Amino acid sequence: MSAFRDAAVLKATYGYGLRRNEVRILDAVDFDRNPDGPEYGEYGVLYVRHGKAKKGSPPKRRSVLTVWEWVAEIVGQWLTEVRPLFGVDGNPAAWPSERAPRVCVQHLNKRLAAYRDALGLDPGLDFHSLRRSSHPHPAASAGRHRRPGPRPQR
């Protein structure tokens with residue numbers, strides 16, 4: 001289960017162009033429908049509530065549209081089929097740990113390094129590399145769906 005979680009975290013990081021802490025601190029309810037992207041189901045938009053802040057400012061919020069169906073599929077499979085097996089009653093975290101409410105940054109770093117080394121990829125590949133390589137792709141596809149408005153209150 002943890003291997004599936006770790007792979008899903010890395011895919012979501014790349015697919016949404018997230019920073020390491022942004023993906024770590026996501027809650028399951030941060031994913032929602034995009035009315036202009038029905039093919040993504042419940043995972044058409046991701047609301048990042050804890051984005052990078054300027055010094056002395058609160059975290060910046062933003063919405064990130066899903067642009068690849070495989071991202072919605074992996075997130076959906078994780079959240080509906082695998083995550084419940086962690087016994088997450090009352091835990092809002094999208095990526096729970098076996099020992100803590102959320103995976104820790106050090107664990108994410110270790111898993112990425114292990115995958116990178118096993119695949120013989122460049123040792124310079126780090127979490128931010130996933131964001132940098134993903135960033136132009138959503139921008140190129142952004143015209144495909146309009147950006148949703150503010151997240152509705154639940």
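Biologist: What share of the contacts in the protein between residues at least 6 apart in sequence join residues at least 24 apart?

Modeller: The share is 63%. Contact here means heavy atoms within 4.5 Å. This is a predicted model, in which local features need pLDDT of at least 70 and side-chain atom pairs count only at pLDDT 80 or more, while totals for chains, interfaces and linings use all residues. Residues are numbered from 1 along each chain as its sequence is written, and side-chain values use heavy atoms, with hydrogens and water left out.

Biologist: What makes up the secondary structure?

Modeller: Six helices and three strands, in the order α-α-β-β-β-α-α-α-α along the sequence. Helices are DSSP runs of H or I with at least four residues, strands are runs of E with at least two, and numbering starts from the N terminus.

Biologist: Why is Thr13 called buried?

Modeller: Its relative accessible area is 0%. Buried means under 20%, exposed over 50% and partly exposed in between, with a 1.4 Å probe and protein chains only. Thr13 therefore counts as buried. Thr13 sits in helix α1, residues 2-16, and the buried residues of that helix also include Val9, Leu10 and Tyr16.

Biologist: What does Thr13 touch, leaving aside its neighbours within four places in sequence?

Modeller: Leu18, Val23, Phe127 and Leu130. The side chain of Thr13 also reaches the backbone oxygen of Val9 at 2.7 Å.

Biologist: How do you know that the span of α1 agrees with its number of residues?

Modeller: The expected span is 1.5 Å times one less than the number of residues. For the 15 residues of α1 that gives 21 Å, and the end C-alpha atoms are 21 Å apart, so the two agree. After α1 comes Gly17, with a positive phi near 65°.

Biologist: How does helix α3 (residues 69-82) do on that test?

Modeller: Its 14 residues should span 20 Å and its end C-alpha atoms are 19 Å apart, which agrees. Its buried residues, among them Val71, Ile74 and Trp78, pack against α1 and β1 (31-32).

Biologist: What makes the Trp68 and Trp70 pair stacked?

Modeller: Rings of Phe, Tyr and Trp (its six-membered ring) pair if their centres lie within 6.5 Å; planes under 30 degrees apart count as stacked, over 60 as edge-to-face and the rest as tilted. The whole structure holds eight aromatic pairs. In this one the centres are 5.8 Å apart with 15° between the planes, which is stacked. Trp70 has 37% relative accessibility, so it counts as partly exposed. Elsewhere, ring pairs link Phe4, Trp78, Phe86 and Trp95 into a cluster.

Biologist: How do you know that the charged end of Arg111 sits over the ring of Tyr115?

Modeller: The rule asks for NZ of Lys or CZ of Arg within 6 Å of the ring centre and within 35 degrees of the ring normal. The charged end of Arg111 is 4.7 Å from the centre of the Tyr115 ring and is listed as sitting over it.

Key. Polar contact = N/O pair within 3.5 Å; in protein donor to acceptor, adjacent residues only side chain to side chain.
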